[in-house]
Each structure stands twice: as C-alpha cells, then as structure tokens.
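This briefing goes through selected features of the structure shown below, grouped by topic. Please read it with the coordinates open.

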Amino acid sequence: MEGEAVSGAQLIAQALRAQNIEYMFGIVGIPVTEIAIAAQAVGIKYVGMRNEQAACYAASAVGYLTGRPGVCLVVSGPGFLHVLGGMANATINCWPLIVIGGSSDRNQETMGAFQEFPQVEAGRLYNKLSVRPSSLEVIPAVIEKAVRTSMYGRPGSCYIDIPGDFVNLQVNKSSVKYVECCLPPPISMAEHSAVSKAASVIALSKQPLLIIGKGAAYSRAENNIRKLVDLCGLPFLPTPMAKGVVPDNHPNCVAAARSMALLHADVIILLGARLNWILHFGLPPRYRQDVKVIQIDICAEELGNNVRPAATLLGDIKAVTEQLLEEFNKRSWKYPSNSEWWQKLREKIKNNEERSKGLALQKSLPMNYYTVFHHIRELIPKDCILVSEGANTMDIGRTMLPNFFPRQRLDAGTFGTMGVGLGFAIAAAMVARDHTPGKRVVCIEGDSAFGFSGMEVETICRYNLPILIIVVNNNGIYTGLDANSWEEMLKFGDPAACVPPVSLLPNAHYEKIMSTFGGKGYFVKTPEELQSALKASVTDKQTPSLINVMIDPQSERKKQEFPWLTRSNL
C-alpha cells in the first residue's frame with residue numbers, strides 16, 4: 001500500500017525471507033534485537049546461542065548441509081569480533097554463510113561510540129564480500145548480493161554491516177528497491193578436450209586412485225560418483241567430510257590403506273579436494289615424484305596449486321562427473337579388479353583393520369579409544385549425522401566410525417577448528433527436524449574440544465534437540481593425567497607452574513552440565529556401562545543426552561595414523 005512505512009529491521013527480515021533463508025543463529029543485544037524479532041515474524045527460525053563463535057559455526061553448517069546460507073546475527077564490536085573465527089572457517093571450508101553485525105550509529109562515527117570498531121574493513125580478510133548498505137532503501141539489494149555471492153563460484157562467507165540507527169529507522173515502502181530471490185548458482189562444465197584428456201590419462205594408469213573431497217559432497221555429486229566408481233572399478237579415498245559420498249563399506253574404499261594408496265598411486269583424480277595439508281600438499285615423500293594429478297574443481301585458482309596437473313577440469317563436480325561418465329561409457333574401460341595394485345591395497349586394508357580390531361577388543365580398563373568407538377559403531381543409527389572434533393577423538397573416529405550417506409559427517413575441517421562441534425550439531429539437528437524428521441545427530445567430542453562450547457548444552461535443551469553428545473574423556477589435550485598423578489603433581493606447588501600444559505582436571509563430570517538443563521547425563525567407565533548408556537540414549541528420541549566416557553589418559557592412536565592436528569609427518 002502506498003505510503004506504508006517499514007523499519008530497517010523489517011526490511012532486513014523480509015529481504016532474507018525473499019532469498020529463502022530459513023535459519024538465523026546469534027546472540028541479541030543492542031542494536032540487533034529487533035532484527036531477530038522481525039525475522040521470526042516473517043517465518044525465519046531464530047536460534048539464540050550462548051557464544052557468538054558457536055552461532056557462526058552453526059550458521060555455516062546450515063550452508064553446507066542445505067546449499068543455502070544460514071545467517072549469524074551479532075551485536076557490534078566484541079560480538080562482531082567473536083565471529084571472525086566462524087567467518088574464516090566458513091570461507092576456508094568453502095561453505096556459504098551470511099553474517100549480519102550491528103554497528104555504531106552513523107552520527108557517532110569517530111566519536112568513540114559504544115562498541116565502535118571498523119567492522120567492514122576488518123571483515124574483508126575473512127569474507128568474500130564485506131559491505132555496509134548506504135541507506136535503508138538498498139538493504140534488499142545488498143542482501144540479495146550477499147546471498148548470491150556466498151553461493152556463487154567457490155562458496156564462502158559474506159558480511160553485512162548494519163548501523164544501529166538503521167534498525168528502528170523507518171522509510172516509505174514505495175521508495176525501497178525490492179529484489180527477487182537470486183537464481184540458483186550457474187552450473188559450469190569442463191571443456192570436452194579436458195574431459196577426453198583426463199579419461200585417457202586414467203585409462204593408461206597402472207595404479208589409479210580417486211580422492212573424493214567435501215566439494216563433491218557439497219555439489220551433491222554422490223550418484224554420479226558412485227556410478228563412476230562402479231563403472232571404472234577405481235579405488236577411492238574420501239577426505240574426512242566426504243565420507244559417505246560413496247559408502248565407506250563399498251568394496252572399492254581404500255581408507256584403511258590411506259598412506260600406502262597415496263604413496264604408490266601413479267594417477268590421482270581429485271574430485272573437489274584440494275592438495276593442502278590434509279593431503280600432504282601432493283608432494284614427496286608422501287607421493288611419487290612422477291604422480292599424475294587430474295584436478296576437478298569449481299575454482300580456477302585452485303588448479304595447479306602445489307603440483308602441476310596432468311589435466312584440469314574446471315567446473316561443478318556433479319556436472320563434470322556426468323561428463324566423465326559419458327566419456328567412459330563410450331570407451332567401456334574398466335580397471336581390472338585382479339591387478340597387482342588391488343592385491344596390495346586389499347592386503348594392507350586387511351592388516352590395518354586387524355590391528356584396529358585387536359585394539360578395539362582389548363578388555364583392560366580404563367578403556368582405549370578403539371574400544372569406545374567399537375561400541376559406538378555397533379549401537380548408533382547407521383544413518384545418523386556424525387559430528388566429530390578433538391585431536392585423537394576425531395582422527396581415530398574417522399577410521400572407526402563409518403558413514404554410508406553424504407553430508408552426514410561434520411568435523412574440524414580444512415581450518416582444523418576446535419570448538420565447532422556443538423554449533424554444528426545444533427545446526428544439523430535443526431535442519432534434520434525440518435527436512436528429515438527422525439534422523440539423529442550424534443556429536444562425539446574430546447573433553448578439550450567440548451570445553452570450547454560446552455554451554456551450548458543449554459541451547460540444545462532449550463530448543464528440545466535430541467542430540468546425543470559423547471565426550472571421550474582422557475583428562476587432557478592429546479593426553480592427560482590420572483587422578484593419582486594429578487594429586488602427586490599438585491604437591492610440587494602452584495599448578496600453573498608445574499602441571500603439564502596439556503592436562504585438564506581428571507574425572508571431570510561433564511555429564512552434569514546436561515542433567516542441569518534437563519537432559520540426561522551418564523558417567524561411564526566400562527564397556528557394559530557404555531553399552532547401557534548408548535542403548536538408553538538412542539532409544540529415547542525426545543531427550544538430549546550426554547555420555548561422559550572415561551578412557552585411559554595415555555591412550556593414543558595406533559602408530560602411522562594420520563596426525564590430524566599435529567604437524568609431525570607432514
């Protein structure tokens with residue numbers, strides 16, 4: 001209606017809804033509270049968190065799980081600064097995210113306003129786009145640009161700065177530049193000559209290896225990749241968050257022979273994976289000097305990083321794997337399953353799995369990681385979303401806990417970020433509740449990792465999210481001390497001067513945090529207690545629960561495992 005007024009808060013909420021934004025996470029306060037209220041009024045779900053970092057991690061996980069960004073809403077100054085980690089994590093993981101930060105009023109700039117800080121400039125380092133609308137009228141256009149930028153090309157984070165005086169300021173609706181929902185990201189395909197060249201290199205390989213990255217999971221390429229693996233008979237290795245693109249129990253999965261597969265492959269096909277630290281940069285001594293690398297990536301600048309590729313296929317993973325399937329259907333080539341390469345890989349897989357099984361079946365107490373993960377694997381739902389963080393906890397969990405479906409494993413990711421777990425779990429539970437009701441979220445945390453965002457347990461209980469948190473508790477970071485050793489250590493004086501920096505308080509009862517807020521907490525020391533707690537937690541589909549599992553403080557990964565959060569052997 002002509003002459004009708006609308007506030008800045010309403011404009012922001014309406015513009016986000018017009019871009020099909022479903023979820024907003026944050027912590028409200030001056031000057032953004034009204035934005036959260038307006039968002040709820042237009043049908044956006046607002047989840048109030050206890051820490052801005054966790055809120056940002058949650059919003060970014062929505063982007064990965066749905067392909068459309070979640071929104072993180074924060075106050076000015078410190079609130080904005082607390083989400084820099086989440087913005088960097090999203091951009092480095094290549095996940096779409098929108099952060100909206102309040103800032104000081106325009107007429108107080110340079111005066112020392114409340115929480116005044118150069119937020120737009122600071123945001124540029126961490127985001128694809130860092131912008132401040134010049135007026136209320138352009139807010140819808142700016143939000144459309146941010147949402148579009150977050151998803152187009154290589155996805156990432158975008159920041160929108162909202163001056164405090166904009167929130168309640170009103171403007172005539174007729175003067176607003178309203179914008180329709182942005183189109184879905186354009187799908188790019190590789191050049192035909194590049195597809196043909198890649199297929200020729202693969203067909204001449206003696207020891208091929210397909211590496212599936214989380215970019216393949218994000219692009220929803222799982223059906224094409226499964227067909228490609230079966231059609232060509234290729235051994236494949238998933239990066240951690242690509243687990244499940246092809247099920248981990250597929251006979252061609254060589255994750256249990258990871259080091260050997262990387263070291264001896266003569267042709268490596270990278271599907272949405274980068275040759276960064278996670279893949280040892282593609283360089284010797286972890287790879288052959290003469291390895292031929294075929295790179296498939298949505299980002300042109302990524303092609304040729306660290307290794308000169310034998311073929312580069314620039315495009316969307318789903319579209320390019322479709323092209324490769326067409327090419328191999330014409331050639332009718334299949335890598336022989338009885339090759340010497342396959343025999344070596346299967347032998348290594350068998351040996352490694354037997355070693356892990358031996359560790360898992362150890363009866364000694366306190367339990368080790370492998371025993372704990374053995375029982376978790378047996379009792380959690382096969383189709384649950386697994387969130388995992390911690391050093392040994394995440395590393396060993398990657399090998400011990402299989403994934404059978406794509407986009408159902410969330411962990412510390414490319415940036416190796418600790419503290420993401422509960423934010424990711426909250427986001428996954430919200431998305432699951434709306435899109436796949438009944439799907440459980442299981443969050444497996446080291447005790448150190450849990451400490452980063454443990455108070456989000458209250459958020460979980462407030463929103464009735466039936467998340468199962470399992471804290472694998474070794475009293476420390478990497479390793480800890482048992483109670484007796486701790487007491488002996490304290491005899492030497494001030495713990496700040498004599499306790500090892502990796503130590504945490506022994507036998508901490510983290511499960512009581514959950515029971516304090518109305519969930520169910522379990523303190524577990526034996527396999528029998530663990531089984532009982534797992535069965536009870538999985539059966540109760542309504543109540544959040546936390547199982548605090550005490551393990552040997554000196555328990556570590558078996559030798560030669562990939563050291564996720566250490567620099568050794570890189």
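Pro285 sits in the loop that joins strand 11 (267–271) to strand 12 (292–297). In this predicted model, Pro285 has a relative accessible area of 70%, over the 50% cut-off, and is therefore exposed. Between Pro285 and Gly123 there are 162 residues of sequence separation, and their C-alpha atoms lie 38 Å apart in space.

**Nonpolar cores**

- The largest nonpolar core has 112 residues, and the members that touch the most others are Phe25, Ile212, Ile225, Leu313, Leu410, Ile467 and Ile469; helix 3 (residues 52–66) supplies the largest share of this core, with ten residues.
- Beyond its neighbours within four places in sequence, Phe25 is in contact with a set of residues that includes Ala55, Ala58, Ala59 and Val62, and also includes Tyr46, Val47, Met49, Ile426 and Ala427.
- Another core, of 38 residues, lies apart from the largest one and has Val32, Ile35, Leu136 and Val167 among its members.

**Helix 3 against helix 17**

- Helix 3 passes helix 17 in a right-handed crossing, and the contact is made by Ala54, Tyr57, Ala58, Ser60, Ala61, Val62, Leu65 and Thr66 on the helix 3 side, with Gly423, Phe424, Ala427, Ala428 and Val431 on the helix 17 side.
- By class, this contact between helix 3 and helix 17 comprises ten nonpolar residues, three polar residues and no charged residues.

**Helix 3 against helix 5**

- Helix 3 and helix 5 (residues 84–93) pack with their axes 7 Å apart and at an angle of about 25°, which is under 35 degrees, so helix 3 is roughly parallel to helix 5.
- The crossing of helix 3 and helix 5 is right-handed, and the contact draws on Cys56, Tyr57 and Ser60 of helix 3 together with Gly85, Gly86, Met87, Asn89 and Ala90 of helix 5.
- In the contact of helix 3 with helix 5, four residues are nonpolar, four are polar and none is charged.

Key
Residues are numbered from 1 along each chain as its sequence is written. This is a predicted model: local features need pLDDT of at least 70, side-chain atom pairs count only at pLDDT 80 or more; totals for chains, interfaces and linings use all residues. Side-chain values use heavy atoms; hydrogens and water are left out. A nonpolar core is a set of buried Ala, Val, Leu, Ile, Met, Phe, Trp, Tyr and Cys residues joined through side-chain atoms within 4.5 Å. Buried means under 20% relative accessible area, exposed over 50%, partly exposed in between (1.4 Å probe, protein chains only). Helices (H or I, at least four residues) and strands (E, at least two) are DSSP runs, numbered from the N terminus. Contact means heavy atoms within 4.5 Å. A crossing is left-handed if the near helix is turned anticlockwise from the far one by less than a right angle, and right-handed if clockwise. Ala, Val, Leu, Ile, Met, Phe, Trp, Tyr, Cys and Pro count as nonpolar, Asp, Glu, Lys and Arg as charged, and the others, Gly among them, as polar. Axes are lines fitted to C-alpha atoms, for helices over the stretch in contact, and angles run from 0 to 180 degrees between N-to-C directions. Angles under 35 degrees count as roughly parallel, over 145 as roughly antiparallel, 65 to 115 as roughly perpendicular and the rest as oblique.
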